[in-house]
Amino acid sequence: MNPERENEDLFKDMEMLREQMMVSGHHYGLLNSETLKYSQRLDELIFKHQCYKNK
């Protein structure tokens with residue numbers, strides 16, 4: 001896969017997870033297990049994105 005395309009897909013995934021986390025946090029609270037799951041997954045993608053940028 002094209003590295004630029006992969007990074008674009010990663011960014012889209014990050015935006016989608018961010019939105020899901022915000023909705024979950026609004027409906028269920030910030031300490032809800034579902035909200036935390038989205039937050040942890042988003043952290044993983046942000047880390048992956050930062051590693052990609054630093055190459």
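Let me start at G29, which follows helix α1 and has a positive phi, near 105°. Helices here are DSSP runs of H or I with at least four residues, numbered from the N terminus. This is a predicted model, in which local features need pLDDT of at least 70, side-chain atom pairs count only at pLDDT 80 or more, and totals for chains, interfaces and linings use all residues. Residues are numbered from 1 along each chain as its sequence is written, and side-chain values use heavy atoms, without hydrogens and water.

Now α1 itself. This helix has 26 residues and spans 36 Å from first C-alpha to last, close to the expected 38 Å, that is, 1.5 Å times one less than the number of residues. Its buried residues (under 20% relative accessible area, 1.4 Å probe, protein chains only) are N7, L10, M14, L17, S24 and G25. They pack against α2, where contact means heavy atoms within 4.5 Å.

What makes up the largest nonpolar core? Its 6 residues are L10, M14, L17, Y38, L42 and L45, and α1 and α2 each give two or more of them. Such a core is a set of buried Ala, Val, Leu, Ile, Met, Phe, Trp, Tyr and Cys residues joined through side-chain atoms within 4.5 Å. Leaving aside neighbours within four places in sequence, L10 touches L45, K48 and H49.

L10 also lines the largest pocket, as do L45 and K48. A pocket is an open set of points on a 1 Å grid over the protein atoms alone, where a 1.4 Å probe fits, with protein on both sides within 12 Å along at least five of seven lines; lining residues have an atom within 4 Å of a point. α1 gives the most to that lining, with 5 residues.

Definitions and conventions
Buried means under 20% relative accessible area, exposed over 50%, partly exposed in between (1.4 Å probe, protein chains only).
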